[in-house]
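Subject: Structure handover

Hello,

Here is the structure I said I would pass on. My notes on it follow below.

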Amino acid sequence: MAKTQSRFICQSCGAEYRKWTGRCDGCGEWNSIEEERVESGPKAAGGIAGGAKGKTIEFVALEGESASPKRIISGIAELDRACGGGLVPGSALLVGGDPGIGKSTILLQAVGAMAAKNKCAYISGEEAVDQVRMRAARLGLEKSKVDFAAATSLRDIITTLEASNHDVVVIDSIQTMYADTLDSAPGTVSQVRACALELIRLAKRKGFAVLLVGHVTKEGQIAGPRVLEHMVDTVLYFEGERGHQFRILRAVKNRFGATDEIGVFEMGDAGLVEVPNPSALFLADREAPVSGTAVFAGLEGTRPMLVEIQALVAQSALATPRRAVVGWDSARMNMILAVLDARCGLPLSQFDVYLNVAGGMRVGEPAADMAVAAALISAVADAPVPAETVIVGEIGLSGEVRPVGQLESRLKEATKLGFGNAYTPKNGTQGKKKLSIKGLNQTEIGHLQDLVNLFGDDVRDKVRPREGMY
Ligand code: TYD
Ligand code: MG
């Protein structure tokens with residue numbers, strides 16, 4: 001006979017415990033462990049091998065008819081790009097992101113566009129019919145043939161989808177869905193896992209693409225939780241700074257395409273608009289070169305992208321000077337400050353240091369190290385980086401500038417946008433001979449010291465403690 005048991009599950013990482021504890025050993029999160037009730041029967045007792053015989057599964061060759069899946073194109077080019085060229089029928093896609101970032105908006109726009117050729121359903125557990133109608137009107141989608149429903153019961157949804165023949169189904173959000181076979185509340189690990197599993201199973205069987213919206217906790221993980229990332233085929237995160245209208249849809253996992261692919265959007269009063277040439281957008285309005293800024297020739301997935309890095313270095317009045325970083329890794333900035341101090345004789349310990357990536361972009365590549373260093377040195381020296389210059393290179397702890405991947409496509413993007421100079425690592429791209437790109441004047445930098453020297457001989461004088469300070 002089935003009996004109900006209690007388990008204690010971390011709501012953040014899914015780790016299981018026999019007893020409640022205040023802190024999860026798995027992910028270090030406090031207060032994330034909650035009791036969930038599960039049915040356990042005697043079925044599992046003897047193990048599979050001891051029980052009744054199963055059916056023999058059939059093995060097949062890797063080569064087959066199902067070569068390349070046909071895609072459902074949303075018509076929103078940036079979304080299609082992020083999913084690796086459109087939605088795959090029978091697949092599951094997870095769209096994660098902070099509340100209010102625009103997940104519901106983009107998915108409503110996507111189904112609105114796809115509804116012209118495909119049968120689409122949008123099921124919302126968060127918003128009422130009127131709210132969604134209002135949004136659709138605002139987006140100019142009120143006439144599109146999307147089947148909308150406000151529902152949270154998994155049983156009802158499964159029954160409905162079983163009987164229908166939709167091509168695309170949006171579930172907004174998976175945390176509001178509720179399976180009545182479980183005792184735990186909606187949004188808990190067991191519920192989210194069970195609901196997602198049922199929906200994905202149905203999607204695979206019926207051949208529709210299911211798009212699940214998942215909320216993100218403050219640490220940036222989808223709440224209720226990582227388990228979901230393993231279950232779906234594609235994970236897209238929607239990110240962006242609150243004060244900026246730019247939104248980036250980033251593929252972090254994709255069974256049908258490249259990861260790290262991004263799509264860039266701008267949030268306007270009629271929803272999200274694609275930005276086909278993001279480099280132009282992330283370079284803030286630049287006129288004359290100013291000190292403390294450097295342009296990084298970055299790469300997002302397969303797409304080269306130029307971003308402006310800004311630094312401000314000011315005398316600090318505090319015993320422990322401030323270090324503030326937006327859009328980059330602060331530990332990495334501290335490392336660069338340490339390298340500047342130890343290897344280049346440029347101590348910035350008495351200065352407040354602020355670093356910002358313009359346009360609300362987040363840069364994750366170590367290849368941005370040298371651009372960050374250039375922005376910092378330029379800010380200290382109060383001398384601008386020469387006009388029309390892009391910078392790329394990773395910095396090692398001894399101050400050496402290390403090669404980066406795909407130098408050529410980065411530099412080509414720079415020439416396309418009118419940049420005539422580039423500071424690059426020595427022997428440019430890993431192990432290959434020096435690149436020569438038409439119209440681009442390349443300066444190879446082997447050590448961070450050489451970069452400091454480019455800003456003149458008096459940079460080091462500027463970081464001497466002011467008289468009377470110590
Ligand atoms: P929403 O899609 O509801 O976010 P999520 O589903 O990720 O929680 O986005 C809502 C935000 O977007 C809200 O702050 C208002 C803004 N917005 C616009 O600026 N323009 C628009 O046309 C729409 C529909 C929303
Ligand atoms: Mg929403």
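Helices (H or I, at least four residues) and strands (E, at least two) are taken as DSSP runs and numbered from the N terminus. On that count the protein chain has 13 helices and 21 strands. Please keep in mind that this is a predicted model.

The chain as a whole

The protein chain has 470 residues, and 48% of them are buried. Its exposed surface comes to about 23300 Å², with 51% of that supplied by carbon and sulfur atoms. If we take the contacts between residues at least 6 apart in sequence, 67% of them join residues at least 24 apart.

Ligand 1

The shell around ligand 1 consists of 16 residues, and the closest are Gly100, Ser104, Thr105, Gly268 and Gly271. By type, the shell divides into five nonpolar, six polar and five charged residues. Three elements, α3 (103-114), α4 (129-138) and β11 (262-268), each supply at least two residues of this shell. The most comes from α3, which gives three residues.

A polar backbone atom of glycine 100 is 2.7 Å from an oxygen atom of ligand 1. The backbone of aspartate 269 also has a polar atom 3.2 Å from an oxygen atom of ligand 1. With arginine 138 the side chain is involved: one of its polar atoms lies 3.3 Å from a nitrogen atom of the ligand. On its own, ligand 1 has 560 Å² of accessible area, and the protein covers 75% of this.

Helix α9

Helix α9 runs over residues 330-344, which makes 15 residues. From first C-alpha to last it reaches 20 Å, close to the 21 Å expected at 1.5 Å a residue. At the N-terminal end the cap is aspartate 329, with a side-chain oxygen 3.3 Å from the backbone nitrogen of alanine 331. Just after the helix comes glycine 345, which takes a positive phi of about 60 degrees.

Which residues of α9 are buried? They are Met333, Met335, Ile336, Leu337, Val339, Leu340 and Cys344. An α-helix has 3.6 residues a turn, so residues three or four places apart point the same way. The cover over the buried residues of α9 includes the strands β15 (323-326), β16 (351-357) and β18 (394-395). It also includes the helices α10 (369-381), α12 (448-454) and α13 (459-462).

Two loop residues

Serine 316 sits in the loop between β14 (303-315) and β15. Is this residue buried or exposed? Serine 316 counts as buried because its relative accessible area is 9%, and buried means under 20%. Its side chain reaches the backbone nitrogen of leucine 318 at 3.0 Å. Leaving aside residues up to four places away in sequence, serine 316 touches Pro321, Gln350, Phe351 and Asp352.

Alanine 185 belongs to another loop, the one between β7 (168-172) and α6 (189-206). Its relative accessible area is 42%, so alanine 185 is partly exposed. Along the chain, alanine 185 and glutamate 36 are 149 residues apart, while their C-alpha atoms are separated by 8.6 Å.

Regards

Definitions and conventions. Residues numbered from 1 in each chain as written. Chains lettered and ligands numbered in written order. Predicted model: local features only at pLDDT ≥ 70, side-chain atom pairs only at ≥ 80, totals over all residues. Heavy atoms only, no water. Expected span 1.5 Å × (residues − 1). Buried < 20%, exposed > 50% of the residue type's maximum accessible area, 1.4 Å probe, protein only. Contact = heavy atoms within 4.5 Å. Polar contact = N/O pair within 3.5 Å; in protein donor to acceptor, adjacent residues only side chain to side chain. Near = heavy atom within 4 Å. Areas by Shrake-Rupley, 256 points an atom, 1.4 Å probe, with all protein chains shown as cover. Nonpolar A, V, L, I, M, F, W, Y, C, P; charged D, E, K, R; others polar.
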